[in-house]
Amino acid sequence: MTASNKPVIGFNSPVPLTQPLEFEIGCGKGRFLIDRAGHHPHTGFIGIDIWWRFLKFAVKRVENLGLSNIRFYKAEAFDFLQNVLPDQSVSVFHIYFPDPWPKKRQKKNRLFSKEFLELASRKSTDNAVIRVTTDHEDYYLQMCGTVIASEGRWAVQSKRSGISNSPDDTPTHYEAKYRAEGRTLHYAEFVKRTVNSVPPAFVDTKSTAPLR
Ligand SMILES: C[S@@+](CC[C@H](N)C(=O)[O-])C[C@H]1O[C@@H](n2cnc3c(N)ncnc32)[C@H](O)[C@@H]1O
């Protein structure tokens with residue numbers, strides 16, 4: 001996907017490159033991000049999902065609430081990061097219940113990988129964080145392992161697992177569902193380690209108009 005040949009679908013307004021900018025991958029119906037945007041009016045929020053059939057509920061709800069600091073786009077995570085978001089723009093990545101691809105031969109399809117972490121490094125601000133939650137222990141261990149193997153670019157800031165953890169924020173759709181089922185959930189926060197700090201580069205929203 002590029003800005004010129006395949007516009008992302010979502011609100012008929014530019015990508016809000018305000019600072020700070022939080023980015024949710026696989027936001028589904030947007031329950032978590034909409035609530036967070038309501039509580040943080042001076043932060044920009046972008047949620048993406050590959051399925052419009054989920055996103056349309058998010059878009060409708062934001063329209064009803066009249067929130068101006070959040071956008072949703074139908075997009076694939078690598079595509080959107082590589083081709084839409086500028087370097088050094090994201091301060092928080094939210095990745096909740098990413099598809100676990102549980103079978104051995106499917107693991108290569110998982111979003112969180114060495115390549116993803118490298119791309120996230122490029123697209124994030126200094127001291128950015130990646131917040132993840134999953135019920136899938138193998139994927140959780142893989143994510144932590146990928147961070148530990150990142151040669152100091154990222155570090156595990158916090159992690160916890162359990163059945164009765166209270167969510168810090170509004171739970172996502174899957175978190176609410178799995179908590180009700182009594183599943184063990186795994187939460188982790190990864191922080192970007194920056195050797196040489198470079199000021200974030202921001203794009204004037206006017207210049208992002210073709211991305212609508
Ligand atoms: C298990 S659901 C979790 C939804 C939501 N995060 C929650 O916690 O309720 C995973 C979501 O990720 C989306 N998804 C999967 N791969 C994706 C990708 N590569 N880029 C963007 N979204 C993706 C799916 O369409 C789905 O909505």
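Mentor: The protein's secondary structure comes to six helices and eight strands. Bear in mind that this is a predicted model, where local features need pLDDT of at least 70, side-chain atom pairs count only at pLDDT 80 or more, and totals for chains, interfaces and linings use all residues. Residues are numbered from 1 along each chain as its sequence is written.

Trainee: Why is Trp-51 called exposed?

Mentor: Count C-beta atoms, placed from the backbone: 20 or more others within 10 Å of a residue's own makes it buried, 12 or fewer exposed, and anything in between partly exposed. Trp-51 has 11 others within 10 Å, so it is exposed. Trp-51 sits in the loop between β3 and α2, and its C-alpha atom is separated by 9.6 Å from that of Lys-29, 22 residues apart along the chain.

Trainee: And Phe-97, why is that one buried?

Mentor: Phe-97 has 20 C-beta neighbours inside 10 Å, so it counts as buried. Phe-97 belongs to the loop between β5 and α4 (114–123).

Trainee: Is Glu-151 buried or exposed?

Mentor: Exposed, because Glu-151 has 7 C-beta neighbours inside 10 Å.

Trainee: Which residues of helix α1 are buried?

Mentor: In α1 (residues 31–39), they are Phe-32, Leu-33, Ile-34, Arg-36 and Ala-37. Their cover includes β2 (21–25), β3, α2 (52–65), β4 (70–74) and β5 (90–96).

Trainee: What makes a set of residues a nonpolar core?

Mentor: The members are buried Ala, Val, Leu, Ile, Met, Phe, Trp, Tyr and Cys residues, joined through C-beta atoms within 7 Å. The largest such core has 42 residues, and those with the most contacts inside it include Leu-33, Ile-48 and Met-143. Nonpolar side chains tend to be buried together in soluble globular proteins.

Trainee: What does Met-143 touch?

Mentor: Leaving out residues up to four places away in sequence, Met-143 touches Phe-112, Val-132 and Ala-188. Contact is again a C-beta test, with atoms placed from the backbone and a limit of within 7 Å. Among contacts between residues at least 6 apart in sequence, 81% join residues at least 24 apart.

Trainee: How do you know that β6 and β8 pair?

Mentor: Pairing takes at least two DSSP bridges between the strands. β6 (residues 124–134) and β8 (residues 185–192) have six, in the antiparallel sense, and Thr-133 has Tyr-187 in β8 as its bridge partner. β7 (residues 154–162) and β8 also pair antiparallel, over eight bridges; there, Gly-162 stands opposite Leu-185 in β8.

Trainee: How many residues surround the ligand?

Mentor: There are 19, with Gly-26, Gly-28, Thr-172, His-173 and Tyr-174 the closest. Being near means having a C-beta atom, placed from the backbone, within 6 Å of the molecule. β3 (44–49) and α6 (173–181) each give two or more residues, and α6 gives the most, three.

Definitions and conventions
Helices (H or I, at least four residues) and strands (E, at least two) are DSSP runs, numbered from the N terminus. Two residues are in contact if their C-beta atoms, placed from the backbone, lie within 7 Å.
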